[in-house]
Amino acid sequence: MQRRRFLDLLTLGAAAGATSALTPRSRAAEVLAPRSPAGSGPLRITRVRPILTAPQSGIRLVVVKVETSEPGLYGLGCATFNQRPLAVKTAVEEYLDGFCRGRDARNIEDLWQTVYTSSYWRNGPVLNNALSGLDQALWDIKGKVAGLPVYQLLGGKARFAVDCYAHASGSDHAQVIDNVQRLMTEGYRHIRIQLGRYGSTHLAGKGDFEAEGFGLPVESHLDPAAYCRAVPRMFAAVREKCGEAIELLHDIHERIPPIDAIRLCKQLEAYRPFFIEDPFSPEDVNWFRILRPQTSVPLAMGELFNNPHEWTGLITERLIDFIRVHLSQIGGLTPARKLAALAEAFNVRSAWHGPLDVSPVGHAANAHLDLAIWNFGIQEAVRFNDAMREVFPGAPVMKNGYMHVTEAPGWGVDLDETAAQRFPLPAQPGYWLPVRRRDGTAVRP
Ligand code: GCO
Ligand code: MG
């Protein structure tokens, strides 16, 4: 055993020590040892339960804990659906727990397939997130039993770490440029630039619907034309101040009419974007057949996908360059590694969804898969605050624009339930407030 790895795990042991009374040395020894359950018989699932916490920015995280017949052996999986956390909680407590108890935790594929069809109707956001929590937890357990990080179970490292992009936004060019330059000094080579919120609603002024009392005062107005005029100017300003080398990304976030998105993509070609994301909504994916022949701007899509029907054609017809699914929205690691293999055959690269509404366990799952696949493109990354790191010891760390996971078995991320309880979910249940055009027409968010 390399001393370095032992020390790393010792530190991890120490970090995770918060959650148990064991000394760091015995904890590390415990973490190191492959946890081959007593005897080679089945490893029974004894409980599947959701843990809800919001340690950062009021984001509603849902993590599933799978407990087993092997004392102290459990797994964690991300089931975070920020807009419907309580629905996922119910799906886990009322359905998955009862269905999985007594089943053999070693048989991930069988559990995935049987839970997936246990609702007859399937491929929806709530049940997929619940299934993902279970699935990722089973991979965590399998890594712990093997004494290996999950990426090793997926074939080992295809790169030394995970290259990431970070977010730079601002209500004007100067703010955006400041944030880009700050992130460049932190080592990021890929930076997503946004002018205010998605669709730059701050440029729209008041909508006529507001004076008419249509909708509620909390709702916002989006002016697609103002947004489409502003984005190329933002790219021009950033390129001028920050240079040609920095890779720039932008998220249209499906908020403008498809034909406007096509014109905008063509205008942005001059600024050589790394990718333009979500030019269309999932309901409009057939517009890619119209966009693709008209531009060489790299295209990214997928965070809103739940169903293989949504991505298969886009990949097999090479209509996108980056697949951006949210791992828990498609059911976890098991379907995601198959999706990655499909995408590799058509040289479509990965860019898994990785904002704050993915828990550190989910970020680790993204990163372990990113490390192991050949067709890795880029990984979205966020900065965890201290509370998040306290609740999730072992959470991935960023160095020089690269995400690093620990070498501990499984995901290498633990969950301190006592600390998690100190961060209850915010009162607002999670729904997205409507965004409207001038006349009050609801815009896809
Ligand atoms: C992104 C996404 C997010 C989503 C959010 C929804 O590219 O990171 O668009 O910002 O809007 O995850 O809850
Ligand atoms: Mg997005």
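Val64 in strand E2 is the bridge partner of Pro50. Val64 also has a bridge partner in E3, namely Gly77. This is a predicted model. The briefing covers the strands around E2 and then the magnesium site.

**Strands E1, E2 and E3**

- Strand E1 spans residues 45-53 and pairs with E2 in the antiparallel sense. Eight bridges make up this pairing.
- Strand E3 covers residues 74-78 and runs antiparallel to E2. Five bridges join E2 and E3.
- E2 and E3 form a hairpin, with five residues between the two strands. Gly72 sits in the turn and has a positive phi of about 80 degrees.
- How much of strand E2 is buried? Seven of the eight residues in E2 (residues 61-68) are buried, so the strand counts as mostly covered, buried being under 20% relative accessible area.

**Magnesium site (ligand 2)**

- Which residues coordinate the magnesium ion? Asp251 (OD), Glu277 (OE) and Glu303 (OE) do, at 2.0 to 2.1 Å.
- Along the chain, the donors follow the spacing D-x25-E-x25-E.
- Asp251 belongs to strand E7 (residues 247-251), while Glu303 lies in the loop between strand E9 (299-301) and helix H12 (308-316), so this pair ties together parts that are 52 residues apart in sequence.
- Are Asp251 and Glu303 buried or exposed? Both Asp251 and Glu303 are buried.

Conventions:
Residues numbered from 1 in each chain as written. Chains lettered and ligands numbered in written order. Predicted model: local features only at pLDDT ≥ 70, side-chain atom pairs only at ≥ 80, totals over all residues. Heavy atoms only, no water. Donors = N, O, S within 2.8 Å, 3.2 Å for Na, K, Ca; no water. Helix = DSSP H or I, 4+ residues; strand = E, 2+ residues; numbered from the N terminus. Buried < 20%, exposed > 50% of the residue type's maximum accessible area, 1.4 Å probe, protein only. Pairing = 2+ DSSP bridges.
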